[in-house]
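Take each section in turn and follow along on screen.

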Amino acid sequence: MTAHADLVELDHVSMEYRTPVAFTALRDVGLRIASGETVAVVGPSGSGKTTLLGIVGGLERPTSGAVRLLGEDLAALSDAQVAAARAHSIGFVFQRFHLIEHLSVLDNVATGLLYTGVRARDRRNAARAALARVGLGRRETERVGHLSGGERQRVVLARAGVAEPRLLIVDEPTGNLDSATGGAVVELLAGLAGPGTAVVVVTHDPAVAGALARRIAVHDGEIVDDTGRPG
Ligand code: ADP
Ligand code: MG
């Protein structure tokens, strides 16, 4: 990795799903995201936003094109190596990543460090700090089953941020954040992310999108608008 490498680089990335019929979800996408950027991804349902996040975060491999994370070509890595890179560098807030109902708030957040080689005691300390950052410091011994929808979303955010990732990827956060305004969501994300952490958020909420520095619009699998990096 060179000193000036972008955090994430996508070159000519396409994604074709073959089930049930061939369908191109992403078409020749190029994208660069630098450290510390805050990016909103907007676009209609089915336009490829979640697919794009999955590829940016190394959850899925594209059908064609190159993906580099911190200068490293993910195609050259095994699935296990990609998983390790993810655990160290990326935090996810995806609907499909569920909380573990029978565990405490603290233990749920600590699972965000399970695959990073951090010792159990340090995992719990880091989890406490992450919970404090999302305003849930006093709920750590409670089972997540007792929490409200909005509180659960905060636990998910704390888990995503516990490893102090370089990149935080959030797919449509506001649906579950009861009573939180867009501004509160952005404040939460900013509190989670360190100064070097980039944040990429898929959102339908104009207040959330408007509060982030860069906005990317996706339509029919293509980036049709990108305000670019400020400055
Ligand atoms: P968005 O997040 O913008 O709503 P998605 O990225 O989830 O869009 O999906 C883009 C398109 O790809 C949709 O038409 C969706 O049905 C299709 N798609 C997504 N995942 C799969 C999959 N695993 N298999 C087949 N088609 C998929
Ligand atoms: Mg989606």
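Which residues does arginine 214 touch, not counting residues up to four places away in sequence?

## Arginine 214 and its surroundings

Arginine 214 touches Leu31, Arg32, Ile33, Glu37, Thr38, Val39, Ala40, Asp226, Thr227, Gly228 and Arg229, where contact means heavy atoms within 4.5 Å. You will find arginine 214 in strand E9; helices (H or I, at least four residues) and strands (E, at least two) are DSSP runs, numbered from the N terminus. Its relative accessibility is 4%, so arginine 214 counts as buried (buried is under 20% relative accessible area, exposed over 50%, partly exposed in between, with a 1.4 Å probe and protein chains only).

The side chain of arginine 214 also makes a polar contact, at 3.0 Å, with the side chain of glutamate 37. A polar contact is a pair of N or O atoms within 3.5 Å; within protein, one must be able to donate a hydrogen and the other to accept it, and residues adjacent in sequence count only if both atoms are side-chain atoms.

## How to read the model

This is a predicted model, in which local features need pLDDT of at least 70 and side-chain atom pairs count only at pLDDT 80 or more, while totals for chains, interfaces and linings use all residues. Residues are numbered from 1 along each chain as its sequence is written, chains are lettered from A and ligands numbered from 1 in the order in which they are written, and side-chain values use heavy atoms, with hydrogens and water left out.

## The open sheet

Six strands make up an open sheet with mixed pairing, in the order E6-E7-E8-E3-E9-E10; two strands pair if DSSP finds at least two bridges between them. Strand E6 (90-93) and strand E10 (222-226) are at the edges with a single partner strand each, so one side of each has no neighbour in the sheet. From one strand to the next, the twist averages 20° (axes are lines fitted to C-alpha atoms, for helices over the stretch in contact, and angles run from 0 to 180 degrees between N-to-C directions).

Strands E7 (residues 167-171) and E8 (residues 198-202) run parallel and are joined by 5 bridges, with leucine 168 opposite valine 199 in E8. Helix H1 (residues 49-56) packs on the sheet, touching E3, E6, E7, E8 and E9, and its direction makes about 160° with that of E7. Helix H5 (residues 149-161) packs there too, touching E6 and E7, at about 165° to the direction of E6. In helix H2 (residues 79-89), Val82, Ala87 and Ser89 are buried, and the buried residues of H2 pack against E6 and E7.

E1 and E2 form a hairpin with 5 residues between them. The two run antiparallel, joined by 7 bridges, and glutamate 9 stands opposite arginine 32 in E2.

Aspartate 6 sits in the segment before strand E1 (8-17). With 14% relative accessibility, aspartate 6 counts as buried.

## Around ligand 1

Residues surrounding ligand 1 include Tyr17, Phe23, Lys49, Thr50 and Thr51, near meaning that a heavy atom of the residue lies within 4 Å. A polar side-chain atom of lysine 49 is 2.8 Å from an oxygen atom of ligand 1, and for threonine 51 a side-chain N or O atom is 2.6 Å from a ligand oxygen atom. H1 gives the most to this shell, with 3 residues.
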